[in-house]
Amino acid sequence: MDYNNLILAINESVAVVTINRPDKLNALNIQTMNELKSIITELNNNDDVSVIILTGSGEKAFVAGADISELNKLDMLAAKKFSEHGQEIFNLIENSHKPVIAAVNGFALGGGCELALACHFRIASENAQFGQPEVNLGIIPGYGGTQRLSHLINSGRAIEYILTGSMIDANEAFRIGLVNHVYSQKELMTKALELANKIAAKSRVTIRHAIEAVNASKVLSLKEGLAREASIFTLCCGTEDFKEGTTAFIEKRKPKFKNS
Ligand code: COA
């Protein structure tokens, strides 16, 4: 498929998706959201891809939010569809069986922060600024921010950020666990690719199972989550890659995974 607002580059088995509306600080209009939905589906079905990196075009923004000129036109009926449609796409990212890493290279505000939150983990450049400034527009986050920010960081902090709309700089984002690493802008993509390649060297089946088990912890009780973990662990032990991984260790060699 052709994309107008996304750039796709596949290098070895890592796909880099760049949101490309730099003149609007990569704001997510409906077209970009639909393209994101298509590309995540396409990459999940692409056997050449193991890991996905999401980033923004230019040096200023990852994504500066939902497109406010489109938001401005919403009535209540359209608003419900708008929010549910965005949530569906971000759920697709969170439940992607290929890891999605957010390489946050500048502003990640509103829908941009929510997009980063839906990714499996986040790394950032020193100039990154996160935030949920929706209150300044008379709305609340509608693409999952009220839920995912509260789950990822201390809920007292999350509600403060949502109520004040304050920006969170990269160091603060690191300190509160919103991002895993902070790099210079120059280093960000190199480090993102390093992390992606490290994951891409594992068995794709194992990685898929790991994501499924960790994601279960977000929706299940501890008891149910542990039961799910045991089931998924059991499935892992039925794979060829489990035999290969354990045999390679015993034979003191590198495993050759077949993704099966
Ligand atoms: N939706 C639509 N357009 C946006 C946008 C958004 N979320 N964020 C930025 N833009 C546009 C601006 O309107 C401007 O377009 P123009 O040149 O045609 O006027 C362009 O991107 C550059 O933004 P600008 O505001 O001039 O850059 P800045 O460096 O002065 O400020 C921000 C940067 C991020 C602080 C500021 O753009 C901002 O507050 N954006 C909105 C953030 C927000 O509320 N997001 C949540 C939305 S739910």
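Let me begin with a term: a salt bridge here is a side-chain nitrogen of Lys or Arg within 4 Å of a carboxyl oxygen of Asp or Glu. By that rule, the count between domain 1 and domain 2 of this protein is 1 salt bridge. Please keep in mind throughout that the model is predicted.

I turn to the two domains themselves. Domain 1 covers residues 6-200, and domain 2 covers residues 204-250. Their C-alpha centres are 27 Å apart. To the contact between them, domain 1 contributes 12 residues and domain 2 contributes 6 residues.

How much area is buried between domain 1 and domain 2? The figure is about 770 Å², and carbon and sulfur atoms account for 52% of it.

Across the interface, 5 residue pairs are in polar contact. As for composition, the side of domain 1 that touches domain 2 consists of 3 nonpolar, 5 polar and 4 charged residues.

I come now to the ligand. Which residues are closest to the ligand? Of the 17 residues that surround the ligand, the closest are Lys-24, Lys-60, Ala-64, Ala-66 and Ile-68. An N or O atom in the side chain of Lys-60 lies 2.6 Å from an oxygen atom of the ligand. At Ala-66, a polar backbone atom is 2.9 Å from a nitrogen atom of the ligand. Asp-23 also takes part through its backbone, where a polar atom is 3.4 Å from a ligand oxygen. On its own the ligand has 860 Å² of accessible area, and the protein covers 60% of this.

How values were computed:
Residues numbered from 1 in each chain as written. Predicted model: local features only at pLDDT ≥ 70, side-chain atom pairs only at ≥ 80, totals over all residues. Heavy atoms only, no water. Domains from an automatic or database assignment. Contact = heavy atoms within 4.5 Å. Buried area = accessible area lost by both parts, 1.4 Å probe. Polar contact = N/O pair within 3.5 Å; in protein donor to acceptor, adjacent residues only side chain to side chain. Nonpolar A, V, L, I, M, F, W, Y, C, P; charged D, E, K, R; others polar. Near = heavy atom within 4 Å. Areas by Shrake-Rupley, 256 points an atom, 1.4 Å probe, with all protein chains shown as cover.
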